[in-house]
Amino acid sequence: MAQMGSKRKVAKGEKDNENEVDGGDGWWWITRKGIAASFMCIAAFGLLIRVAVSLHPYSGAGNPPKFGDFEAQRHWMEITLHLPIKDWYTNSTLNDLSYWGLDYPPLTAYQSYFHGLFLRLFHPESVSLFTSRGHESYLGKLLMRWTVVSSDGLVFFPAVLYFVLVYYSGGRNGSRSNMAWHIAMILLNPCLILIDHGHFQYNCISLGLTVGAIASVLSNKDLVACFLFSLALNHKQMSAYFAPAFFSHLLGKCLRHRNPLLEVLKLGLVVVGTFSIVWWPYLDSMESVLQVLSRLAPFERGIYEDYVANFWCTTSVLVKWKKLFTTQTLKLISLGLTISTCLPSMFQQIWAPSNQGFLYGLLNSAFSFYLFSFQVHEKSILLPLLPVTLLAIEEPFLHKWMTLHALFSMFPLLSRDKLVLPYFTLSALFFLLNHAPNRRQGTRETNSLRLFVTAFFILCTLSLHVVYLTMQAPPRYPFLFEALIMLLCFLQFGSLAVYTNVKQWMLLRRPILADKEKKLL
């Protein structure tokens, strides 16, 4: 009888696989050749989308004297190519820090140097000292765009493949269609594509290193995780948004070993060793180290930049923080709020570290920094959005809702960059892929209150899009529409942060429920 039962299960599994291949859902055509082929197809499509977006304008295009982020990245290539490494972060006649001075850690500077070598090989005029300022030739722009596309393909894409293979190892959520959909949601994230390949940045490198570190944690390769995350921190200091989650999870795991102190020391040695290698040219004097560090913390810019949907910018409509407090006081208040909102998530992972809790911890930590830390930009929403995409299978509604509002929060920025067409195109693509026929969508939302609230906020979002594009703000309140967009998105982000913190702590109930089920059996 047992053999017959096992044969029935095998036959049922084979039948399910056949159904999947034969068109059981909308992804059968891309999954029938296996997950490797699926990844290659989605990756190729993702690269094509990136190339298409890169044909549109970028930050500061044709807007002298300082242009925008495109010119900043090009200028860093110019500086790192022509000046000694010790002078990259120092103000001088050859390196005017007021004109897009380097303000990212050394790994970004090294990346700029190697990309500069590439540009100099094919188009030396685009990175010549002084004379290349504001350079916008067709070939120069093409080469610059290529550096971002290649960085995405060499760092972010392999990291995503590593994550997916680890995440679904052992048959977890095991259908191929789920895996293909998940890959598509990560690689075709509209926010990351618009910022890196439209606006122009290299977030794909630091986020790719972070994804690799996350995958290493999930596969219990903690030393590799420390190495990769240390590289992410040394590429963009905003990667520190994830530091509390990495610290608490790895500490919680160390405390469960026979010799926790030894485990902590091993992880610490990897971190210190990685930082030492990256910072080696500046370790000869404390003055050099402090000079670099002073460039990484631009406190003079104020507690927020432009109209970002976080606590400080949203409440500043009523509370004039910059007038009430000094910069030093605001630094301390924001630090206190950021740490205090991180602590519940950290305690949960120290107390009961788990892979699922770690992913929620990454999201909650990034939310705390985005909502309360000092000097946050609209583009910083990419950081909490990363763990949301990694949790897309577990939290499909959270993923959809967060992505749409992350996009909306950057709409004024992308509109200024003349990226409205790719903005709406990628929004539509995301909506279509998110609602592609799939077994994940076997249940429909039946809560009438939730449906009403969702419909209300979607209507508000659509209305604000139309108003922003077709109407002029009153002269007395020139940034009224930006403020309304900021307020709407802040309400969503704040609500989602509360939800995900509660969800992380609810993970502690799972072992208890599992034990009860075992006793009943």
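Rings of Phe, Tyr and Trp (its six-membered ring) form a pair if their centres lie within 6.5 Å, and planes under 30 degrees apart count as stacked, over 60 as edge-to-face and the rest as tilted. The legends below describe a predicted model, in which local features need pLDDT of at least 70 and side-chain atom pairs count only at pLDDT 80 or more, while totals for chains, interfaces and linings use all residues. Residues are numbered from 1 along each chain as its sequence is written, and side-chain values use heavy atoms, with hydrogens and water left out.

**View 1. An aromatic cluster and a stacked ring pair.** Ring pairs link Phe311, Trp312, Trp321, Phe325 and Phe372 into a cluster, and the structure as a whole holds 28 aromatic pairs. In one of these pairs, the rings of tyrosine 241 and phenylalanine 369 have centres 5.2 Å apart and planes at 25°, so the pair is stacked. Tyrosine 241 belongs to the loop between α10 (222-235) and α11 (243-254), whereas phenylalanine 369 belongs to helix α17 (residues 355-372), so the pair ties together parts that are 128 residues apart in sequence. Helices (H or I, at least four residues) and strands (E, at least two) are DSSP runs, numbered from the N terminus. Tyrosine 241 is buried, with a relative accessible area of 5%, and phenylalanine 369 also counts as buried, at 18% relative accessibility; buried means under 20% relative accessible area, exposed over 50%, and partly exposed in between (1.4 Å probe, protein chains only).

**View 2. Lysines over aromatic rings.** Lysine 66 lies over the face of tryptophan 100, at 5.0 Å from the ring centre, and lysine 331 lies over the face of phenylalanine 299, at 4.2 Å from the ring centre. A charge sits over a ring if NZ of Lys or CZ of Arg is within 6 Å of the ring centre and within 35 degrees of the ring normal.

**View 3. Tyrosine 360 in helix α17.** Tyrosine 360 is found in helix α17 and counts as buried, at 2% relative accessibility. The side chain of tyrosine 360 makes a polar contact with the side chain of glutamate 395 at 2.5 Å; a polar contact is a pair of N or O atoms within 3.5 Å, where, within protein, one must be able to donate a hydrogen and the other to accept it, and residues adjacent in sequence count only if both atoms are side-chain atoms. Apart from neighbours within four places in sequence, tyrosine 360 is in contact (heavy atoms within 4.5 Å) with Leu391, Glu395, Thr500, Lys503, Gln504 and Leu507. Between tyrosine 360 and serine 345, which are 15 residues apart in sequence, the C-alpha to C-alpha distance is 8.2 Å.

**View 4. Lysine 379 and its contacts.** In the loop between α17 and α18 (382-390) is lysine 379, a buried residue with a relative accessible area of 12%. With neighbours within four places in sequence left aside, the contacts of lysine 379 are Asp69, Ile195, His199, Gln201, Met410 and Leu413.

**View 5. Serine 128 in its loop.** Serine 128 has its place in the loop between α5 (106-122) and α6 (138-167), where its side chain reaches the backbone oxygen of glutamate 125 at 3.3 Å. Beyond neighbours within four places in sequence, serine 128 is in contact with Glu78 and His82.

**View 6. Backbone features in two loops.** Most residues other than glycine have a negative phi, and most peptide bonds are trans. A cis peptide bond, with omega about 10°, joins proline 64 and proline 65, and proline 65 is found in the loop between α3 (35-54) and α4 (69-82). Phenylalanine 67, found in the loop between α3 and α4, has a positive phi of about 60° although it is not a glycine, and at 19% relative accessibility phenylalanine 67 counts as buried. Lysine 418, in the loop between α20 (411-416) and α21 (420-434), has a positive phi near 60° and is exposed, with a relative accessible area of 60%.

**View 7. Chain ends and confidence.** The mean pLDDT (the predictor's confidence in each residue, from 0 to 100) of the protein chain is 89, and 89% of its residues reach 70 or more. Over residues 1-24 the pLDDT stays under 50, and the model has 15 contacts beyond four places in sequence for this stretch.
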